Amino acid sequence: MAINWFKYSSPASFYVLAGKMIPLFSIAATILFAVGLYIGFFVAPTDFQQGEAYRIIFIHVPAAWMSMFLYVMMAVWAGIGLAFNTRLSSMMATAIAPTGAMFTFLALWTGAIWGKPMWGTWWVWDARLTSELILLFLYIGFMSLQAAIDDPRRADKAGAVIALVGVVNIPIIYFSVKWWNTLHQGATVSVTSSPKMAATMLTGMLIMSIACWMYAIAVILIRTQTIILERERHTSWVSELKGVSS
Amino acid sequence: MSLWVIQRDLLLAMRRRSDVLTTLFFFIIVVSLFPLGVGPEMNMLRTMAPGVVWVAALLASMLSLGRMFSSDYLDGTLEQMLISPQSLSMLVLGKAMAHWLVTGVPLVLMSPVLGIQYDLSTDALLILTASLLLGTPVLSLIGAIGAALTLGLRGGGVLVSLLVLPLYIPVLIFGAGAVEASTAGLGAGAHLSLLGAFLLASLVLSPWATAVSLRISME
């Protein structure tokens, strides 16, 4: 049986699909956040070097991962929208940007709170911190460019170009701790080698990461739904929706 | 084809010389403001000099970006360029190069004089000039993308800085870093090679991205 992959590239049918998926991801996010935070605060042992302050990694590391993944996702969707002229992919890219910016800010903020007791300073001009800050600027640039353009089609395409140009920053952030041997420690978790941390800490961090994914997907879907309604408000299928009065 | 555009843009710039001079004087004034702001301590100024000159070059190059396409956009020349059978990327490359010749080259020529104000050694002056020579074309090329994307938008001038300045940061880091590395005795070779790599990469990719952006903006 051939599956029609393009069915859900139509905003109208995706709106319904998103409506079904949002509760699932929201519930998953709530449960995983509860479990992850419980492990983070009560189960994971105290670090012998860093004391209790290390516990901020349970939100810092997932937030930093998300900030990079979401930028790549945003650039990919924007690129697909630019190349194939699909409306929905561009809407997804627009919906991802604020969540990505939020995670970038969260990674910087929690990093600063962690840095004060550990490094004795809120901020250092270290390669990874600086490139993460540039990432925040890129998100802000993307959002303000789209906000400044009235025509949504032009906004989508212009945003796509700037998102794709900015994607060069992602490998720089990711490898910055390897290329420049600066204050920010190297990656503790990697796919190729066994993790250099206690198993419970790792479990907690991975659960928190999945929770962040679920949260991000839920929020992005809600925002996509809103964007779809906003842009399609003159169509007949929107006026036939229950609970939406125009 | 690019040469024709360069020639034309240079001719237009020469007819309105004040525009060129404004950018240059902006650069000189910004660099001269720093000693007044932070005090005339020579040791501090010497360590600050490369960063200050580079930041001023970044701002000067960025402020003149608006002129790259806007006058052609207003009088319809840009539309003719878009529908012409010539490759738009080559035309755009010509425009970016003309922008560099008009705004970048004067800054490069002026920078040794400003470096002397900051009491830089001869070696440091040479490296500073070399880094600006390699870096300022990158600024024009990257800036062209921002200028094309914000063409005809309200508040385009502020917006272009938000788009372009984050992308300028690597050039700033390695440009100013080259001088610092050579003063520290490490040699500026690595930094200058990276700047050269940025130049080559942006020379290939930026005209293409700018051409795409222009088509989006002119639709």
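Modeller: A residue is buried if 20 or more other C-beta atoms lie within 10 Å of its own. Keep that in mind for this predicted model.

Colleague: Which residues of α1(A) are buried?

Modeller: They are Pro11(A), Phe14(A), Tyr15(A), Ala18(A), Phe25(A), Ala29(A), Leu32(A), Gly36(A) and Gly40(A). Each of these meets the cut-off of 20 or more other C-beta atoms within 10 Å.

Colleague: What do the buried residues of α1(A) pack against?

Modeller: Three helices of chain A: α2 (57–84), α3 and α7.

Colleague: Where does α1(A) bend?

Modeller: Helix α1 covers residues 11–43 of chain A and bends at Met21(A), by about 30 degrees. That angle lies between two axes, one fitted to the seven residues ending there and one to the seven starting there. A proline, Pro23(A), follows within four residues.

Colleague: Now α3(A) and α7(A). Why are they called oblique to each other?

Modeller: Look at the angle. Helix α3 (residues 87–119) and helix α7 (residues 199–231) of chain A pack at about 130 degrees. Roughly perpendicular ends at 115, and roughly antiparallel needs over 145. The angle falls between those limits, so α3(A) and α7(A) are oblique. Their axes are 8 Å apart, and the crossing is right-handed.

Colleague: Which residues make the contact of α3(A) with α7(A)?

Modeller: From α3(A) come Met91(A), Met92(A), Thr94(A), Ala95(A), Ile96(A) and Thr99(A). From α7(A) come Ala216(A), Val219(A), Ile220(A), Arg223(A), Thr224(A), Ile227(A) and Ile228(A). By class, that gives nine nonpolar, three polar and one charged residues.

Colleague: On to chain B. What makes α7(B) roughly parallel to α9(B)?

Modeller: The axes of α7(B) and α9(B) cross at roughly 15 degrees. Roughly parallel means under 35 degrees. The angle is under that limit, so α7(B) counts as roughly parallel to α9(B). The two axes come within 8 Å. α7(B) passes α9(B) in a left-handed crossing. The contact of α7(B) with α9(B) has 17 nonpolar, eight polar and no charged residues.

Key. Residues numbered from 1 in each chain as written. Chains lettered and ligands numbered in written order. Predicted model: local features only at pLDDT ≥ 70, side-chain atom pairs only at ≥ 80, totals over all residues. Axes fitted to C-alpha atoms, helices over the stretch in contact; angles between N-to-C directions. Helix = DSSP H or I, 4+ residues; strand = E, 2+ residues; numbered from the N terminus. Parallel < 35°, antiparallel > 145°, perpendicular 65-115°, else oblique. Left-handed = near helix turned anticlockwise from the far one by under 90°. Contact = placed C-beta atoms within 7 Å. Nonpolar A, V, L, I, M, F, W, Y, C, P; charged D, E, K, R; others polar. Buried ≥ 20, exposed ≤ 12 C-beta atoms within 10 Å, placed from the backbone.
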